[in-house]
Number of protein chains: 2
Amino acid sequence: MRYARQALRWNGWGSSEVSFDTRGRDREVWEFVAHAVGLDPLPSTPAAPFEKVILPEPRWTPAILAGLIATTSEEQVKTDRYERAFHALGRSYHDMLRLRSGTLRSAPDAVVYPESTDEVLAVLAFCDAHGLAVVPFGGGSSVVGGVEGSDGLEGSRRPGHRGVVTLDTTRMSRLLDVDPVSMTARAQAGIYGPSLEHELGERGFTLGHFPQSFEFSTLGGWIAARGAGQLSNRYGTADKFLVAASVATPTGLWTTRPFPASAAGPNLNHLIAGSEGTLGVITEATVKVHPVPETRKIGAFVLRDFEAGTAAVRALVQADIGAAMIRLSDADETRFFGEFRSALEPHGTASKLAEKALGLAGFGDKCVMMVAFEGEARKVREGFRRALSIATRAGGLFVGESPGRAWWKRRFEMPYLRDPMMDRGVGVDTLETSTTWSNVPRLYRAVQDAIRSATTRDGRRAVVMAHISHSYRDGASLYFTFVFARDLTREVEQWREIKDAASRAISEHGGTISHHHGVGVDHAAWLSAEKGTLGIDVLAAAKDTLDPNHVMNPGKLLPGPR
Amino acid sequence: MRYARQALRWNGWGSSEVSFDTRGRDREVWEFVAHAVGLDPLPSTPAAPFEKVILPEPRWTPAILAGLIATTSEEQVKTDRYERAFHALGRSYHDMLRLRSGTLRSAPDAVVYPESTDEVLAVLAFCDAHGLAVVPFGGGSSVVGGVEGSDGLEGSRRPGHRGVVTLDTTRMSRLLDVDPVSMTARAQAGIYGPSLEHELGERGFTLGHFPQSFEFSTLGGWIAARGAGQLSNRYGTADKFLVAASVATPTGLWTTRPFPASAAGPNLNHLIAGSEGTLGVITEATVKVHPVPETRKIGAFVLRDFEAGTAAVRALVQADIGAAMIRLSDADETRFFGEFRSALEPHGTASKLAEKALGLAGFGDKCVMMVAFEGEARKVREGFRRALSIATRAGGLFVGESPGRAWWKRRFEMPYLRDPMMDRGVGVDTLETSTTWSNVPRLYRAVQDAIRSATTRDGRRAVVMAHISHSYRDGASLYFTFVFARDLTREVEQWREIKDAASRAISEHGGTISHHHGVGVDHAAWLSAEKGTLGIDVLAAAKDTLDPNHVMNPGKLLPGPR
């Protein structure tokens with residue numbers, strides 16, 4: 001399954017046919033949002049229509065275009081406005097601001113759709129020889145500027161590239177091979193999530209990687225950005241499930257081999273995972289797969305506060321009971337989504353009474369924690385039983401399975417809500433980090449404070465909420481979502497202020513600049529502090545080796561033009 | 001705890017005070033060995049005594065020596081014969097041949113014992129400025145030439161170094177910090193296994209890393225060589241338990257930070273693990289630790305043959321039941337150690353009868369599999385119950401806990417047996433690899449055949465045996481041990497023939513050249529085929545960046561002088 005590009009939103013989330021379903025309660029939903037961000041009435045801030053969008057002049061010459069076509073075919077090289085606009089940016093809040101503004105300062109000059117590793121190699125060789133930047137693009141769902149169709153040299157004194165070619169991998173979308181004995185699968189990297197899961201499922205397997213972007217992101221993108229799926233406790237982050245890869249580089253094809261473990265020098269898979277298209281294009285990957293789970297169970301608990309909740313998550317993950325997911329919302333997120341759900345689906349008296357009782361029992365500022373198991377029925381049962389005991393001992397109150405069921409059903413739905421918010425003067429953005437358990441409370445407070453003061457500047461109102469969605473023996477991720485009143489006179493500046501404040505708080509309080517979104521353009525300036533000068537030098541040396549003319553995804557990952 | 005260098009064998013295994021204990025049954029033991037390798041009587045092949053050993057002339061000048069002393073202190077710089085001989089080679093069979101021969105073609109010119117990261121940096125800067133090769137040395141237990149005190153340029157046309165300095169890390173042996181919340185510990189890298197476990201144990205924790213070299217190897221060495229311990233199924237290989245490291249390089253201090261997970265570009269810990277001292281010296285590491293296990297249980301099973309055994313190991317590891325160890329000996333190893341044990345401790349009639357019954361029941365060519373659990377009593381009990389059921393379903397016959405108990409008691413003892421074998425014209429060597437489950441049978445046969453035909457050349461007799469000691473969802477290691485009649489006229493050539501034949505078989509049949517011993521000198525020539533040209537180029541670029549003058553552990557890891 002591939003998506004026709006015209007069937008997807010060029011300036012918003014997902015399928016053009018799908019919108020956020022307010023279940024006929026439009027008025028209640030938007031009244032709730034208006035109240036949350038203190039805008040009454042919500043302003044109307046529609047996106048510029050596609051016909052009016054101004055794109056930069058394409059820079060290709062007939063010779064360049066003919067050369068590109070020679071690497072693939074005429075049908076595989078696109079230069080029309082829709083393709084250029086579709087591939088201009090990723091899907092971050094910052095990208096939305098720019099896509100909806102009607103003026104794109106950068107866009108690829110051409111988009112090429114190779115259908116094989118050999119064609120990718122030919123495209124790279126051509127672009128390398130002709131000074132064209134290459135931006136690898138899978139689903140294009142990056143929220144950190146990772147697929148921005150620019151040469152990343154704005155404002156630099158370095159001579160720029162002669163043009164930007166976006167290399168769309170989504171025609172390389174076949175599952176190539178499943179090894180049911182070794183439980184690995186080899187696939188072309190441009191395969192979308194649903195298609196990969198469908199094909200694996202027919203053979204009895206799952207990769208189990210479900211990032212929120214799942215429906216509109218690709219295997220290669222997951223690996224390039226070192227992504228994490230909702231069930232990463234069970235199935236691992238991308239760097240964990242990657243077994244081997246083929247990476248087309250300007251210097252030739254770079255491959256790693258599928259060994260379960262090896263002491264034959266450094267493991268270069270870990271240089272591929274997280275390389276974000278700056279070393280080459282991942283064209284194939286071998287990944288670990290698992291039997292399709294027999295069953296699934298998601299229990300929900302409430303905890304008195306985030307500190308108690310954090311301790312419960314830690315107890316669960318360190319007890320190593322095989323949970324597929326442990327997800328803790330802080331009090332703000334619990335309250336926001338509780339109220340949002342009430343607006344969407346009016347709760348009965350029983351539900352209201354239950355809320356009240358919880359309040360009286362000291363859970364007025366409650367945090368919801370969901371714990372999921374999937375796999376063999378026997379193991380799910382046993383794991384769940386253990387979770388119940390550990391969570392209860394940690395002060396958790398079991399509140400049933402319906403919250404988890406509701407979450408599961410709607411887990412890919414929320415990104416669709418951003419577009420109508422954008423239409424109404426409301427901003428919504430997310431960012432994430434991770435740290436060791438002992439540092440979680442300090443980092444949580446610092447980032448929360450930073451986002452809160454940046455979003456509420458000049459008397460604006462905002463909701464700042466957080467959750468822990470990925471946890472490890474030694475620490476956890478922290479994921480912040482913030483909904484705020486946009487400063488319509490300086491939207492991009494406002495975004496940058498919030499982003500800078502949060503990034504500084506992360507950097508200064510022992511967090512990584514990204515747990516699973518990646519670096520892209522947005523975090524590049526923060527990477528040096530995190531990796532150190534020598535760490536950056538080593539990464540730059542790898543790039544110099546594989547991409548000596550720096551045509552691969554310039555401006556992403558590595559800080560500044562070097 | 002540190003070992004005084006004089007208290008350790010310079011040309012053999014471990015402590016000078018400890019020898020392999022034949023339990024008063026010397027005659028039976030050596031008759032058994034003589035029979036196994038077809039040498040009757042066993043020849044006498046004693047090692048050259050230390051006093052007669054010929055070392056190369058040291059190349060230091062008074063100025064160089066004074067400079068080295070200035071980086072640390074007079075007391076920390078050694079140039080005596082014992083220190084030079086002790087640090088000349090590692091502890092491989094090939095090393096033993098050379099150490100025992102009485103002539104060392106290479107040895108460090110000086111040995112320096114820094115006591116801090118700053119002192120290491122000073123030593124590296126001095127050596128870098130003065131063209132001296134630096135060989136990092138922890139326990140010195142490498143069995144692949146990883147600590148060879150040479151500049152690796154024998155026979156090359158490249159100008160050599162002006163001398164070789166071995167940097168012994170074992171005075172950096174403190175546990176620095178334990179974070180009981182995040183379950184991590186930070187230690188200086190020169191700490192020996194027993195000392196680290198003792199100090200962690202006092203705080204209620206264990207690293208759980210028990211390679212066979214455990215008593216005489218260090219944390220830094222484990223990480224540098226990407227080692228695996230006997231309980232790696234539970235505690236992970238070195239690259240898995242490493243959280244952060246400090247690496248002193250000629251270019252300065254390179255550090256990584258302790259994030260539980262991150263998408264901020266490639267994970268550089270995986271460039272440190274497996275770097276084998278070629279990029280710098282690991283001076284500190286943060287590692288994941290676990291609570292000291294409440295209890296331990298090791299069950300033994302017999303399987304009809306290696307194929308059935310392999311399937312059982314796979315079923316156990318893919319069922320993800322939390323085993324700490326799954327260890328399967330092939331029929332040859334089962335038989336050899338069974339008979340060896342009989343020689344050592346005469347079995348009673350009951351035991352002989354049991355053997356006979358097993359033979360009649362179709363287990364004549366039986367393979368023993370041990371499955372260990374440790375941790376919380378409840379989980380150990382539950383895991384063991386599951387293992388019993390899975391192993392039985394896979395055709396395993398449970399034979400109790402006493403084989404596992406016996407193995408546990410003697411698990412660090414076997415290396416001591418090599419020295420008396422060396423004294424008697426008997427060779428014993430090991431090598432290992434790993435591959436995906438579907439390729440295990442093919443690789444097993446190919447390597448077994450290669451070793452068998454190389455060890456039995458010219459009518460010699462040999463025992464070639466194998467086990468699976470590390471397993472993963474997608475594959476397993478294969479560890480070969482071979483005991484053979486030495487060709488006393490050409491011992492080194494014989495070793496090289498066996499090694500080449502086995503390495504070729506591994507390389508041509510889809511195995512990695514090492515699962516946990518590392519690359520060192522012995523496997524360097526096989527690395528290109530495994531990593532590919534671009535993979536090697538990337539590693540070389542990292543080296544050029546951190547060690548531009550190539551003073552760090554020359555001749556190790558990377559193939560050939562470049």
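## A valine in a loop

Let's start with Val53(A), which sits in the loop between α1 (26–37) and α2 (62–71) of chain A. Keep in mind that this is a predicted model. Is Val53(A) buried or exposed? Count its C-beta neighbours inside 10 Å and you get 22; the cut-off for buried is 20 or more, so Val53(A) counts as buried.

Who are those neighbours? If we skip the ones within four places in sequence, Val53(A) is in contact with Ala48(A), Ala85(A), Gly102(A) and Leu104(A).

## A strand covered on both faces

Next up is strand β4 (residues 163–168) of chain A, where six of six residues are buried. In a regular strand, side chains alternate between the two faces of the sheet. For β4(A), one side holds Gly163(A), Val165(A) and Leu167(A), the other holds Val164(A), Thr166(A) and Asp168(A), and all of them are buried.

Which strands pair with β4(A)? Strand β2 (residues 110–112) of chain A runs parallel to it, joined by three bridges, and Val111(A) stands opposite Thr166(A). Strand β3 (residues 132–137) of chain A also pairs with β4(A) in the parallel sense, over six bridges. Here Pro136(A) has Leu167(A) as its bridge partner.

## A five-stranded sheet

Now for an antiparallel case. Five strands of chain A make an open sheet, in the order β5-β6-β10-β8-β9. β5 (175–179) and β9 of chain A are at the edges with a single partner strand each, so each has one side without a neighbour in the sheet. On average, neighbouring strands are turned by 10° against each other, direction ignored.

Zoom in on β8(A) and you'll find six bridges to strand β10 (residues 281–288) of chain A, running antiparallel. One bridge pair there is Val247(A) with Ile282(A) in β10(A). The other chain joins in too: helix α19 (residues 527–546) of chain B packs on this sheet, touching β8 and β9 of chain A. Its direction makes about 115° with that of β9(A).

## Where the chains meet

How do the copies relate? A rotation of 180° with 0.0 Å of shift along its axis puts chain A on chain B, with an RMSD of 0.0 Å. The two copies are therefore related as by a two-fold rotation axis. In chain A, the C-alpha nearest that axis belongs to Ala541(A), 2.8 Å away. Both copies use the same surface: 100% of the contact residues of chain A recur in chain B.

In soluble globular proteins, nonpolar side chains tend to be buried together. In this model the largest nonpolar core has 303 residues, and Ile223(A), Met369(A) and Ile223(B) have the most contacts inside it. Helix α19 (residues 524–546) of chain A supplies the largest share, nine residues.

Take a closer look at Ile223(B). Beyond its neighbours within four places in sequence, its contacts include Ala238(B), Leu242(B), Ile272(B) and Ile282(B).

Terms used: Residues numbered from 1 in each chain as written. Chains lettered and ligands numbered in written order. Predicted model: local features only at pLDDT ≥ 70, side-chain atom pairs only at ≥ 80, totals over all residues. Core = buried A, V, L, I, M, F, W, Y, C linked by C-beta atoms within 7 Å. Buried ≥ 20, exposed ≤ 12 C-beta atoms within 10 Å, placed from the backbone. Helix = DSSP H or I, 4+ residues; strand = E, 2+ residues; numbered from the N terminus. Contact = placed C-beta atoms within 7 Å. Pairing = 2+ DSSP bridges. Axes fitted to C-alpha atoms, helices over the stretch in contact; angles between N-to-C directions. Least-squares fit on C-alpha atoms with pLDDT ≥ 70 in both.
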